[in-house]
Amino acid sequence: MAESLWTALGYHIDNRVLESLSRQCLPLLNGCRVSERLSRAHGVAFRHLINSNLPTSSTRLFRAASWSLPEQVFMSNNKIFGWCAWAWAVTCFIVLLIIAILNLSNHALMLRGYELNGVHWLILISNSLLMAYYEGYKGFQCAYSPRFAARARSLPQGYTRKRALLAPFFCMGFFDAPRRRIIAAYLLTAMIVFFVLLFRVLPQPWRGALDVGVVIGLSWGCIATMVSIIQSLRFERPIVDPEIV
C-alpha cells in the first residue's frame, strides 16, 4: 500500500529504501494512536519531527509525500487524563443545567403570588406539554443526551489537548463533529440565548407560565443526560454514534 502511494505521487522507490524509511518512522510513532482526521498545526509539528529525525535523503522523500497526505495528529491515550477530561465535561454540563433549572424555578414559583385566569392556565399547560415533548423527550432523550454521553465516553480511549481542555464544548458538538452537527449546536445555543432574553422582558405571570415549561424540559434533559452517561459506562462501545471527525 505504501509503495503504491509513493508511485501514485510520481516517485519510484526501491523496496529496501521504503523498508528503511518505515523502520525509522516507527519509533517516532511508538505509543501514539493516530486519528484519521487531523489539524493542520499538528500536521506541521509531525513534519517538523520527521525532518529533524530522519536522514536527509529519507527526509526529502517523506516531505514530498507528506503534503499530499491527510493531515495527522497524535492522540494521547493516557487513561487518567482521559477520565479527568470526561469528568470535566460531564460535571460542567450537568452543573450548567442545574443552575439554569434553579434560576428559572425562582421565576416559576412567583406564580403563586398571582391569580391566573383561563388564558394563563392554557399557556402554562400547553407550553409545559410542548417543552416536555420537544425539548425533553425529542431533543434531549432521543438525540442530544445519548450523543453527549458517547462523545464523553470517547475521551478515555483517546483525546487531543484541544478536546481535553475544551471537553464540555467537544461533548456538546461545537468542534470535531460533522458540519451539520456543529451548525446545529451553534443554532441551538443562539436560540436558547434568544428565548432567555425574550423571557426577561415579559411581565409576570406570563414569564412564570413560560418558565414552567422550560424548567420541565431542562429537568427532563438533565435526567436523560445522567441516565445516558450511566448507560455509556456500562458498555464498552457507545450506544449511539458519537459523530467524531
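In this predicted model, Arg-163 forms a salt bridge (a side-chain nitrogen of Lys or Arg within 4 Å of a carboxyl oxygen of Asp or Glu) with Asp-176, the closest N and O atoms being 2.7 Å apart. Because Arg-163 lies in helix H7 (residues 161-165) and Asp-176 in the loop between helix H8 (167-171) and H9, the pair ties together parts that are 13 residues apart in sequence; helices here are DSSP runs of H or I with at least four residues, numbered from the N terminus. Arg-163 counts as buried at 7% relative accessibility, whereas Asp-176, at 22%, counts as partly exposed, where buried means under 20% relative accessible area, exposed over 50% and partly exposed in between, with a 1.4 Å probe and protein chains only.

The count of salt bridges comes to four, and Arg-180, Arg-181 and Glu-243 are linked in a network of them. The N to O distance is 3.5 Å for Glu-243 with Arg-180, two residues that stand 63 apart, Glu-243 in the segment after H10 and Arg-180 in helix H9. For Arg-181 with Glu-243 the corresponding distance is 2.9 Å.

Residues are numbered from 1 along each chain as its sequence is written. Local features need pLDDT of at least 70 and side-chain atom pairs count only at pLDDT 80 or more, while totals for chains, interfaces and linings use all residues, and side-chain values use heavy atoms, with hydrogens and water left out.
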